[in-house]
Every structure is written in C-alpha cells, then in structure tokens.
Amino acid sequence: MDANYLQDLNEQQRAAVVYNDGPSLVIAGAGSGKTRVLTYKIAHLLASGEYAPYQILALTFTNKAAREMKERIAGIVGGATASRLFMGTFHSIFARILRSHADRLGFPSDFTIYDQTDSRSLIKTIVKEMNLDDKVYKPSIVQAIISHAKNALVTPGAYAANRDIAEADAQARRPLLRDIYKFYWERCFRAGAMDFDDLLLYTNILFRDHADVLDFYQNQFRYILVDEYQDTNFAQHLIINQLAKSHHRLCVVGDDAQSIYSFRGANIDNILNLRKEYPECRVFKLEQNYRSTQTIVAAANSLIAKNEERIPKDIFSHKAVGEKIEVLSSYSDFEEGYLVASRITTLRMASASAYSDFAILYRTNSQSRIFEEALRKRNIPYRIYGGQSFYLRKEVKDVIAYFRMAVNPADEEALKRIINYPARGIGNTTLAKITECATTHETSLWEVVCRPLEYALDVNGGTLNKLKNFADLIRSFVEKAATENAYDLADAVVRQSGIMGDIYTDRSPENLSRQENIEELLNGIQEFCSSRREEGIEAISITDFLAEVSLATDQDSEEGEDDDRVTMMTVHASKGLEFKHVFVVGLEEELFPSALAMGSARELEEERRLLYVAITRAEETCTLSYAASRYRNGKPTASPPSRFIKDIDPAYLILPDDRALGYRQTPHEFSTPYTRRTDWGESRNDRESYRPQTNSPTSGTAVFRPAKRMVRIAPAAESAAPAAPSSDGLAVGMHIRHDRFGVGEIREISGEGDNRKINVDFENVGSKLLLLKFAKFVVLE
DNA sequence: GGCCGGGGCATTTTT
DNA sequence: TGCCCCGGCC
C-alpha cells in the first residue's frame, strides 16, 4: 500500500483517520469528504497490522454506499483483502448472521425476507380476517405502527403490556392493534419469514438470549465503523452498543444536519447523545466543504442555523464565491415547469454544462410529472429516479414468488401470489378457506395445501385435484432447488409454471414489457451465476440469489449512467449525490415544509434539514422555485411561498419582486435583472421565443409521454415548427407510439383546445379515439 | 373467476 | 388528476 496515502487528507480528516484508541464520533458536514475518511480509516486499520479484515465491521445504509466503499478500499489494499471485510448494509450483514444462528430462534436458515409489499399484504389479510374496518385499521398505518414498535424493540408481548401504548391506541380508536401485531408476528414466524425490521429486532433478541453468540461476535468484530449514524434507529443503535461494549473500538460518522429519515424510525438522538454514552469519545469535525461554492455553503449554513437541535459546526468552503441562489417565482406549477426547463436550456449554454450536470429536486414524487412534460417539450433528455425497483415489479415478483416457494414453501405471501397465477382455478374462496384452516390449526398455508383432507378442508373434489396439481408443481421445484443451479431452476419455473404460456400468448404492449422484464430477470440470474463462478463458487443455488435480491432495492443498476440526462428525484433520494446545477422546486407552504410536518417543531426542523440537504447537493449554482398556485389532488390550490425561503440570509439570494414572500424591505433593494416574469419573454435567445405564442400555459397541448426507454425525443422541428399543419405538430398520416396501445397511424384530427382529439388506427388493437389532453404517446419518425 | 366502472384517496421510503 | 380497490356483473 502507498505509505503516503495520509497526504491526501486535510488535517481534520487525518486526525479522524489515525485516531483509533477508543470511540470516536466524526461529524461530517455536507461535502466534507466523509467517505474518504471512512475508506482511509479502514485502510489505515488494515495497514497497522493489528486487524485482520474479518475483524472489521463496517455498516452502511445502502448497498450502493457499501459497494462504493468496498471498491475504494480495494483500490488501496487490494480486492482480496477488501472482500474479506464485514462490510455491508445493516440489513444484509445481520441477515447473514441470523441465517447462521436461525435455529436458535426457531427459524429455518433459509427464512424468507418479506419486503414492504409482502408485509402490508399480510397485515391486510389479518385485518380482513378479524373483520375489522380497513379504513380504521389502514394496512399502511398499521404497518407503520408495527414497524416503529419493532424499531424500538417492542415485541407484541411488550406492546400489549404497555399502558401508554394501550391508551394511545384507544385514543386513536385502534384498540385492537395489539392483536393485529401479535397475529402478524405469529404468521411471519409460521411462514418462516422476517420483515426488514425483524432482521434488526431478531438480531437483538439473538444477542440478548444467547450470550455465547453475542460473545462470539464481540470478539470477532474488534473494530466497528458506522456510516450515516444520524439515520440509525434504536434497534441498530443497540446492536452497535452491544457489539462494541467490551472494547469501545467504534467510529461513527454522520451529520446531524442531514438526518431526514425519522419517519422511518431514525432517531437523531443516537448521534446527539453519543458522547453521553461514551464519555471518553473523541469528536472530530470535518468542516471544510469541497463540493460547493462559498455562497451555497453560506446560504445553507444560514438556513440550518434556524434549527434548535444541532451540533454546532462551522462549515466553510475555499472554492469560488460563486453565483447567488436565485429564487424563481411562478404563477402556477405549469409555469414553474416551463421556467425551470428554460433556465436549464440557457444555463447549459452559458456555462457549457452537460444535461447530466443538472438535477431537479422535489419534495414529493407527484411533482415530477409537470417537469417531465416541460422538459420533453424542450427536447431536454431526463431520467427520473425513484420509480419502483425492478424486483418490485409485479411480474418479476410473481416469478420470484415461485423461487421463494421452492426454497421455503411455508412462505405465505409467496403462496398467495402464485397459487392462482397463472390461473389454475383456485380462487379467493378456496384461498380464504385454506387460510382460515391454517389459522385454526396454527400451521402454514402450505401444510394445508399439501394435506387438505387431514385438515378437513371444506372444498369439493375438483378443487382438491387442483390443489394437488399445484402442490406437485411446487414440490418438483423444491426438489430442483436442492439439486440444480439457480438458472436452471429459474428456467424450469418460467416454463413449467405456465407463466411462459400466459405472457407469450399475445403481443400486447403490456405483455411485451412483461416478457422483457422476465427475460431481464433470467439474464440477471445467469449473470449472477457466472459472476459467482468467476469467484470460484461452483454450485449457485436459488437460495443465494434470493438472499441477494430480497435486500436489493437496486437503485444503482440503472443502465447507462453515462448518458447525458437531467436528473429528477426527491430530495430524500438525492442524499449523498452532487450536481453542478441544482433546482429545488415547489418551495411552498404545505408542500415544503409538508403539511403533515407543520404540527410539531421537531418535524419542522426535519423539513428544514431536508432543504439543507437539497441545497448542499449543488456545486456551482442552486436555484429555488415556488409557484403561487398548484394542482393538488386534482384541484388548483393557492400555495404561499415556503417559510424556509425567509430562513436563508437574503444576502445570498436573488429574490423575485413578490409581496407574497413577505419581506419588509422596499422592492428596489431586491430588484435584479430577473424580476418577476409576467410573460414568457425571459427566454429571448432561445428557440422558444420564435414560436408563435399559441402555447398559453393552460391551453391543452398534446402531452407526449414516451416510454421510459424513449426519453430522447424527436428533433425540435417536429413539434415546434410553425409550418407544421397544426399548432401541436400533428397531422393525418403520422405514426405514433402510444404507452398502452402501441404503434398506430393518425387517421383523423378534430376538435379544438381541450377537446382536441385524434383518431388512430393501431396495429394491434384497432382504431381508438384519443383526447390529446390526456393521451400519452410519442410521434414516430 | 375475470372484467369493468364507480368511489375514495392521495408524503418522504436507504433495507 | 390518476390510481387503486371493491363490488357488481357476466
């Protein structure tokens, strides 16, 4: 290893890296080189010769963070050493540990991991079985309550015994929550399944009840590092404390100012109070920001200074002073989209930036739509992050459910997914009987399916036969899972289950995309097998694949990272990323801060931190934006500018002349070249202004919505040329591709404004009348 | 058991 | 406005 690696660090970073005599807390401001400190510290520990790689436990929150860190460490100490580190997400590391001691807890070592969909669906089933009103006991709410209980290590027994909880539930008119929790707990156990929260909760139970196991890991993990400590919940905090108890060799890294996941149980007190738990704890502050201009750093500092609960620090930048933060004011969300799109166009030209240097950050996913439309109209390529991950798509989950059954047939959620998919005549009625029967006999659904007669299942002979066929099918997969490799099993599942037959019957666009997804899944498994083979592992069972997949919400395998697109994502999703130019949009009361957070000071502070995170993503320019009116739940709603705008020192802002902002100063103090735009004239030097002014913000122009893969749009002339037969650029004879109906030819155009329609003859589905205002399609060349 | 249409409902979401 | 879920119908 290069002995000079410490030279790459600044003084504060170096101090944090070389100190390892006891517990330390590294407060790492935004853009201060946190990952660098963690990776160098691990390299330093290895270089000291005092620690073998497997004695170092390094925990992160995302797979991506773990992978990146592993790669960087491999670059310093070599891949062979790096791969032997215990480095990964909390969930993956402790799932691994749980699997090797599952018998202690009465679980099979091949236990299934329920994702949120599975666990919600089970809760829903239970609520229904209890004949409760699912408006009162809304599965999503029940799930959140159970999740919070688990994160606080409150088991069903403790939950039922707790008076405060009972009172709170009674108050909320949900007195039976305790029973739901108890049933949910038992059902998961019977299904041999753990949800995400269980992975942490059962780890705690394992350590609490099996001193030898705890002892073993306390001895093994001689140094523990935790990234993003501000996001830990109580369950995670306690695991760390237990493991570090005897040696106190612990280094936690985080930034209290970037704690934005309290709604998932993260507890900012874990980092704020660390010094109380470890009085000898050394604190290192990384305060130099290497990412952003001085203006951006100063503006962000002035904002976060409004929070009460924080660890004081003085973040500074030695980069250029940079541009002030511009605040854009629009009348409507529609205009906001237009403005941001036009700023991107001009800024890209002026600063010679690529599209990929830009990000639009918003508070809620639903805000993305309007920007999609605005960017598409300007032919600006973009990518939206945060759609559902590949493994959560229905058809993919269906196939995976077969894999899960093959590994653990007790898996109730998997069984419910596939017992009638593809259709084999086992409907809801039968399923309800099976479930009821399993509940009364306190066994799994699979048991009942296998032995319906012994459990006196009340169904007719035809159904019995269908159940037998299903059970035989699954049993054949179970056998294969034990002997064949992952890919061969997967291939057999797709062919023999009837999924193939179901999806490949017709070529409707929906089915085509399903076929693609399933093929992608199979390819993924093949790749998984061959990459394991490269590592020298010969037998790759489906169990290995599932273990990987169930904890991979893969946000990162997004293909083609290098293509040049504007990024759109929620502020939450942007944490840890950086962009040259950032637009933070929708800065309005009840949206950012969210209406639901305004009740409590604590939650309001979290929203403020959220904006802090958003602003500090920017390297060179940051632009804030709000609209006076916005469509919310289908209705236009007035929306005053966010209070947070006034929390930022106006010295760093270019403010629009808008009384709604509530500044007392005389307008001229804030007058700028960019005063409020009362027309569309801002974009003097871009193509847009040469267009005839037919596009008033509210007129119903065609909304082009290509499929995800077709984001690159036809040349501008297509839709913008004044010579086009109509203002929306559509003409009879043109070919279009519709989201759902596929490819077709325009036969007729009629109506005006909102009522404008086209009649299209589609290749696969015949002729359809589409209202332009709503139709989602692209014009083909 | 599958399809259609009306009504109710809409945060953020590393694993 | 758009999605999801349920109930009614075939």
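Tyr181 and Trp185 both lie in helix 11, four residues apart, which is about one turn of the helix; helices here are DSSP runs of H or I with at least four residues, strands are runs of E with at least two, and both are numbered from the N terminus. The model is a predicted one, in which local features need pLDDT of at least 70 and side-chain atom pairs count only at pLDDT 80 or more, while totals for chains, interfaces and linings use all residues. Residues are numbered from 1 along each chain as its sequence is written, and side-chain values use heavy atoms, with hydrogens and water left out.

## Aromatic pairs

The structure holds 20 aromatic pairs, where rings of Phe, Tyr and Trp (its six-membered ring) pair if their centres lie within 6.5 Å, and planes under 30 degrees apart count as stacked, over 60 as edge-to-face and the rest as tilted. One of them joins Tyr159 and Tyr181 edge-to-face, at 5.5 Å centre to centre and with 85 degrees between the planes. This pair links distant parts of the chain, since Tyr159 belongs to helix 9 (residues 156-161) and Tyr181 to helix 11 (residues 177-190), 22 residues apart. Tyr181 also pairs edge-to-face with Trp185, at 6.3 Å between centres and 80 degrees between planes.

Both Tyr159 and Tyr181 are buried, as are both Tyr181 and Trp185; buried means under 20% relative accessible area, exposed over 50%, and partly exposed in between, with a 1.4 Å probe and protein chains only. Ring pairs link Phe107, Phe111, Tyr159, Tyr181, Trp185, Phe189 and Tyr202 into a cluster.

## Charges over rings

The charged end of Arg99 sits over the ring of Phe111, 4.2 Å from its centre, by the criterion that NZ of Lys or CZ of Arg is within 6 Å of the ring centre and within 35 degrees of the ring normal. Arg96 likewise lies over the face of Phe86, at 4.6 Å from the ring centre.

## Nonpolar cores

The largest nonpolar core has 68 residues, and those with the most contacts inside it are Phe94, Ile224 and Leu243; such a core is a set of buried Ala, Val, Leu, Ile, Met, Phe, Trp, Tyr and Cys residues joined through side-chain atoms within 4.5 Å. Helix 12 (residues 196-209) gives the largest share of this core, eight residues. A second, separate core of 53 residues includes Ala406, Cys437, Val493 and Val494.

Key:
Chains lettered and ligands numbered in written order.
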